[in-house]
Structure formats: C-alpha cells, structure tokens
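Please consult the sequence and the model shown here alongside the text.

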Amino acid sequence: MANNGDGKGPRGAAVNSPEQRVWAALDNFRIELPSWGFANTGTRFGKFIQSAAATSLEEKFSDAAQVNALTGAAPSVALHVLWDTPGGAKDVSRIRELEARYGVLAGSINPNLFQDAEYKFGSICNPDAGVRKQALDHILQSVEIGKLLGDRDISLWIADGSNYPGTQSISRRIGWMQDVFAATHAALGTNQRMLIEYKPFEPAFYHTDIADWGMALELSRNAGPKARVLVDTGHHYQAQNIEQIVAWLLRLNMLGGFHFNDRKYADDDLTLGSIDPYQVFRIFSTIFAESNTQAVSGIAYMIDQSHNLKGKMEAMVQTVVAAQELYAKAALVDQAQLAGLQDSCQLVEAEECFRGAFWEDVRPMLRAWRQARGIPADPLKALREGGYVERITADRKQRNASSVSTYA
Ligand code: PSV
Ligand code: MN
C-alpha cells in the first residue's frame with residue numbers, strides 16, 4: 001500500500017508539533033496483511049494445525065477484515081496465487097465478492113515458483129526451457145489476475161539456486177532470469193509494477209540466483225521502468241545495514257516495498273520488532289529523512305509472517321500495532337534539527353536526537369489517536385474481548401482437525 005509518511009516529506013513540510021507529526025503519520029500508514037499468515041503452516045520438521053486457522057480464502061478475508069477493523073491500518077490482503085486463486089483469472093469474480101463482503105481489498109499478487117515438483121532444479125533459472133516457460137506462464141497468469149483486480153503489485157520471489165559449486169552456471173542463469181523478467185514487464189498493465197525480492201540463502205545453500213539487493217536492483221533496472229526492489233527484512237545476513245540499503249534504493253527511486261518480519265538467526269519470520277525494534281525504527285527513520293517524495297510515496301508496506309506457535313489473529317494484530325508504534329517513533333524525529341546536527345558534525349547531539357525518539361513511549365499518543373479515529377484504544381485487548389477468536393475456533397475446529405495440508 002502506498003504511503004508517504006506525513007504526506008509531504010519531512011524536510012519539505014511545515015514543522016508541526018511532535019504530536020501532530022505522529023497523528024499525520026498514523027493517518028497515512030497502511031500495511032498489507034499476508035493471506036498465508038492466517039492459514040496453517042509449519043516448519044520443515046512438521047506442521048502445527050491451529051483450530052482457528054483460516055481454511056478458505058473467505059476465512060482469510062474475514063480474518064484480515066477483523067485485523068483492519070481493530071487497527072485501522074490494514075485494508076488489503078496479499079494473495080499467493082497457488083494457495084488462494086488456484087483457478088487463476090476465473091477466481092477474480094469470487095475475490096471481488098469477498099472484497100465487497102468484507103471491506104478489505106486484494107493486494108499484491110504473489111506467484112508461487114517454489115512449490116511444484118517441476119521446480120526442484122529451479123523455476124525461471126531452470127536449465128530446462130520447458131520449466132522456465134511453465135514458470136513464466138504462471139507469472140503471466142499472476143499479472144493477469146492483478147490486472148483484472150486492479151492491483152498494483154506483482155511480488156516476485158525466486159527460490160532458485162544451487163547447493164554445490166560447479167553444478168550450475170550462475171552466469172547463464174542470469175540471462176534466463178533477464179528473459180523472464182523482460183517478458184513479465186512487457187505484460188504489465190499501465191498501473192502495475194513488478195517487485196523483485198532477494199534472499200541470501202534458503203532453500204538453496206551454495207548460491208541463490210537473486211541473493212542480494214544489488215542483483216535485485218540490476219534485474220529490476222534491466223526489466224524496465226515498472227520494476228522495483230522488494231526488501232524482506234528477514235532476507236539479510238546478520239550484520240547487514242538494512243537502512244543503508246533502503247537509503248540507496250530510495251535515492252535511486254527503486255524501492256518498491258517491504259516484507260516485514262523479524263529474526264534472531266536467519267529468515268525466522270518472527271513478529272516485527274520482537275527481536276530488534278531499533279532496526280525497524282532505523283528503517284522508518286530513513287524513510288522520513290528522505291526528501292525524494294516520489295520514491296517514498298511508492299513504498300508498499302507488507303507483512304510477511306506466518307505464525308505457528310502464537311495465535312494467528314493475535315500475532316497479526318500485535319504486528320500491525322508494533323509497526324504503528326515504531327512508525328510513530330520514527331515520525332517523532334525532528335528531521336530539520338537532525339540534519340543541522342549532522343551537517344555540523346555534532347555527533348553526540350545528533351545521536352541523542354535520533355535515539356531519543358526511539359526511547360519515547362508513543363503508546364499514549366497511539367491510544368488517543370485511535371480513540372479519535374473510532375478504533376479500539378487497545379486493539380489486542382479488543383480482539384481478546386470481542387469473541388471473534390472464540391467464534392472462528394468453534395467454527396473451524398472440525399475442518400482444521402481433518403486438515404492435512406499446509407497453506408490451506
Ligand atoms: C520467502 O521466504 C518469502 O519471503 C517470499 O516473499 C514468499 O512469497 C513468502 O516468504 C511466503 O512463503
Ligand atoms: Mn518475503
């Protein structure tokens with residue numbers, strides 16, 4: 001979902017009170033929910049079925065609508081084509097009905113290029129031209145679904161790579177990717193974009209075809225003007241400076257959006273901000289500091305988490321609330337003051353100005369903002385007291401008990 005902080009770009013805007021900055025930021029903040037975050041998933045060692053998990057696309061829309069009602073910040077739900085729209089373009093009218101019934105919109109469209117047996121040795125980088133064509137056809141079908149739904153973004157995560165040195169030509173695979181992305185770009189509608197996601201490892205452990213932001217950037221530029229880079233916060237090596245990547249991509253007007261989650265070790269998909277909230281604050285602060293308003297306005301904020309241990313509804317509400325809190329903290333940074341301190345190299349003062357905002361407790365401001373906007377002051381408490389989780393648990397229990405599949 002597009003979002004531009006306080007709507008004007010911090011350096012260009014009239015300086016408001018901290019509270020006004022926070023309220024304006026919250027009014028504009030939108031974050032997309034992943035349909036797969038409401039369904040049963042597992043680890044690679046086993047699947048954990050939850051009684052309240054969504055067992056159909058309708059239930060995913062219902063859950064997403066509930067999260068949106070409680071937070072006021074999550075009006076769209078990302079779809080994974082294989083799991084949500086197995087009928088392809090034929091499913092579009094059904095999705096439209098669900099949008100109308102539940103009041104949340106379908107968001108980014110995610111082709112699935114990693115699950116089918118044919119993709120064992122890769123999808124768009126597979127040495128077999130037939131498999132590459134199958135992958136391209138699936139991407140083009142996703143573009144078509146997005147076009148029919150009026151959705152802006154196709155999010156492309158390519159799981160391809162290899163496990164052993166010498167077993168694949170890294171170079172030739174680059175060419176195959178370029179061909180597929182060029183064909184994808186050519187199929188995009190006027191308002192559509194393709195977002196290219198990167199990830200250093202997993203499922204491949206020697207080389208991954210799109211391993212970092214440099215590769216994603218080059219592939220995006222090569223594909224055409226409607227391609228952008230997608231930053232999944234869990235897809236970096238431990239010591240990587242993610243906000244620096246964000247600053248570069250914004251500067252180049254090449255940041256398409258985020259998949260938010262947190263991690264302790266690798267791509268753990270933990271709740272946003274649960275391990276390192278300062279990291280998320282630094283990312284948001286980088287966005288508030290950016291003067292290229294066009295680049296900032298194109299950022300799609302999305303959640304990419306699927307919880308196995310926490311209740312799915314609870315985890316999703318908690319995540320949206322955490323994102324709002326960290327976004328509000330970043331809005332508190334006085335950008336004009338900070339820029340002055342940076343330019344005069346007043347290091348300690350600059351650092352205090354920056355991290356001081358992080359240490360502010362913004363929760364009272366959020367409560368006041370929510371009350372003024374007719375949203376429950378404490379969304380998690382409202383979820384617990386509202387009876388929704390009990391209702392869906394009772395309703396879905398039986399179906400989930402007999403479910404054997406992941407990503408229902
Ligand atoms: C892969 O790890 C990823 O981050 C991609 O965005 C997928 O679409 C998503 O997770 C769901 O598996
Ligand atoms: Mn992701």
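**Aromatic pairs, ligand shell and cysteines**

Phe281 counts as buried, with 0% relative accessibility (buried is under 20% relative accessible area, exposed over 50%, partly exposed in between, with a 1.4 Å probe and protein chains only). This is a predicted model, in which local features need pLDDT of at least 70 and side-chain atom pairs count only at pLDDT 80 or more, while totals for chains, interfaces and linings use all residues. Residues are numbered from 1 along each chain as its sequence is written, chains are lettered from A and ligands numbered from 1 in the order in which they are written, and side-chain values use heavy atoms, without hydrogens and water.

**Aromatic pairs**

- The structure holds 23 aromatic pairs (rings of Phe, Tyr and Trp, the last by its six-membered ring, with centres within 6.5 Å; planes under 30 degrees apart are stacked, over 60 edge-to-face and the rest tilted).
- Tyr278 and Phe281 form a stacked pair, at 5.8 Å centre to centre and 10 degrees between the planes.
- Both residues, Tyr278 and Phe281, belong to helix H9 (residues 277-289) and are 3 residues apart, about one turn of the helix (helices are DSSP runs of H or I with at least four residues, numbered from the N terminus).
- Tyr278 is partly exposed, at 26% relative accessible area.
- Phe284 and Tyr327 pair edge-to-face, at 4.9 Å centre to centre and 85 degrees between the planes.
- This second pair links distant parts of the chain, with Phe284 in helix H9 and Tyr327 in helix H11 (residues 312-332), 43 residues apart.
- Phe284 is buried at 0% relative accessibility, and Tyr327 is buried with a relative accessible area of 0%.
- Ring pairs join Phe284 and Tyr327 with Phe29, Phe258, Phe260, Phe288 and Tyr301 into a cluster.

**Ligand 1**

- The residues around ligand 1 are Trp36, His80, Trp157, Glu197, Lys199, Asp232, His235, His259, Asp267 and Asp304 (each has a heavy atom within 4 Å of the ligand).
- An oxygen atom of ligand 1 lies 2.7 Å from a polar side-chain atom of Asp304.
- For Lys199, the distance from a side-chain N or O atom to an oxygen atom of ligand 1 is 3.1 Å.
- The protein buries 90% of the 310 Å² that ligand 1 exposes when taken alone (Shrake-Rupley method, 1.4 Å probe).

**Cysteines**

- A search of the whole structure finds 0 disulfides (pairs of cysteine sulfur atoms within 2.5 Å).
- Cys353 is in no disulfide, and the nearest cysteine sulfur, that of Cys345, is 15 Å away.
- Cys353 is buried at 16% relative accessible area, and Cys125 is buried at 0%.

Technical notes
Polar contact = N/O pair within 3.5 Å; in protein donor to acceptor, adjacent residues only side chain to side chain. Helix = DSSP H or I, 4+ residues; strand = E, 2+ residues; numbered from the N terminus.
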